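User: I would like a close look at one spot in this chain and then a walk through what surrounds the rest of it. Please keep it plain.

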Amino acid sequence: MNSATRHTTMRSADWLALVACLWILSSVAFAHEGHAPQAEPNPQPAPPAITSGGGTHDAQAWFTDTLLKDQNGRELRFYSDVLKDKVVMLNVIFTHCTDACPLITRKLREVREAMGEELAAQVIFVSISSDPLNDTPAVLKAFAEKQGVDGPNWLFLTGDKANVDLVLGRLGQFLPSPEQHSTQLIAGDVAGKRWSKIRPDAPPVAIAQRMQLLAQPLAGR
């Protein structure tokens, strides 16, 4: 059954809510081995991840507290330990990638540098492996160290494949293979329910400015 048929035949409120959430967090950035798009000068704003009117207001129920492991082997609940009340920059990688993944990781390192120490301390970077069968915590640790980004404010997450698949699915990433993950970045003020989809080829300064806008409300909380 194709997408158009599903939209015609499935009219329930649950379906509409699911479509709304997946549309907001779905990724359409360039593929690993496809043609790179033209660079855009600014990040692309997106509607809030938790919508009003058909979507859910319960972020924990949507993102789930699925158990994952970070590069240090710590078990973390995805919502409560990784996302809750945080400003986050999410992306998907796999460590044996030789093109987009290391390039985007280095780009995000430049974004952190462009933020400055005060802003960088308010943002958690979260890189989720699309290849959990091969990307063990130790492998992710080595990748993070090689890229110069292994630190307390940057989590590299893996875990049981079923758990990782669930989390990636909630981020709009339904992946037949590790290589088919999107390279698009997802930035969010989780408590404020404000999210942006950002192309990875945007300039580091522009991405840093977007993160600054998301982090500003934290001062008043």
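How far is the sulfur of C101 from the closest cysteine sulfur, and in which residue is that sulfur?

Analyst: The closest cysteine sulfur to that of C101 belongs to C97, at 3.3 Å, which is too far for a bond. A disulfide here is a pair of cysteine sulfur atoms within 2.5 Å, and the structure holds zero of them. C97, in turn, is in no disulfide, its nearest cysteine sulfur being that of C101, 3.3 Å away. C101 is buried because its relative accessible area is 2%, and C97 is buried as well because its value is 7%. Buried means under 20% relative accessible area, exposed over 50% and partly exposed in between, with a 1.4 Å probe and protein chains only.

Some ground rules come before the rest. The model is predicted, so local features need pLDDT of at least 70 and side-chain atom pairs count only at pLDDT 80 or more, while totals for chains, interfaces and linings use all residues. Residues are numbered from 1 along each chain as its sequence is written, and side-chain values use heavy atoms, with hydrogens and water left out.

The pLDDT, the predictor's confidence in each residue from 0 to 100, averages 78 for the chain, and 70% of the residues score at least 70. Over residues 2-56 it stays under 50, although the model has 102 contacts beyond four places in sequence for this stretch. Contact means heavy atoms within 4.5 Å. Of contacts in the chain with a separation of 6 or more, 73% join residues 24 or more positions apart. The chain has 221 residues, 47% of which count as buried, and it has nine helices and eight strands. Helices (H or I, at least four residues) and strands (E, at least two) are DSSP runs, numbered from the N terminus.

Next, the nonpolar interior. A nonpolar core is a set of buried Ala, Val, Leu, Ile, Met, Phe, Trp, Tyr and Cys residues joined through side-chain atoms within 4.5 Å. The largest has 30 residues, and M89, L108, M115, F125, F156 and M211 have the most contacts inside it. At least two of its residues come from each of β4 (87-93), α5 (100-115), α6 (117-120), β5 (123-129), α7 (137-147), β6 (154-157), β7 (185-189) and α9. Helix α5 gives the most, six residues. A second, separate core has 24 residues, including F63, L68, V126 and L157. Setting aside neighbours within four places in sequence, L108 is in contact with M89, N91, F125, W154 and L185.

Strand β5 is largely enclosed by the rest of the structure, because seven of its seven residues are buried. V123, F125, S127 and S129 point one way from this strand, and I124, V126 and I128 the other way. Strands pair if DSSP finds at least two bridges between them. Seven bridges join β4 to β5 in parallel, with I124 in β5 as the bridge partner of V88. Four bridges join β5 to β6, also in parallel, and S127 stands opposite F156 in β6.

Strands β7 and β8 run antiparallel, joined by five bridges; A187 has S196 in β8 as its bridge partner. Four residues lie between the strands of this hairpin, where K193 takes a positive phi near 55 degrees. Four of the five residues of β8 (residues 194-198) are buried, so this strand is largely enclosed by the rest of the structure.

Beyond four places in sequence, Q147 touches P102, T105, R106 and R109.

Helix α8 (residues 161-170) has V164, V167, L168 and G169 as its buried residues. L166, also in α8, is partly exposed because its relative accessibility is 36%. Apart from residues up to four places away, L166 is in contact with T64 and T66. The C-alpha atoms of L166 and T64 are 8.7 Å apart, across 102 residues of chain. After α8 comes G172, with a positive phi near 80 degrees.

Helix α9 (residues 204-215) has twelve residues and spans 16 Å from first C-alpha to last, close to the 16 Å expected. That expectation is 1.5 Å times one less than the number of residues. The buried residues of α9 include A206, I207, M211 and L214.
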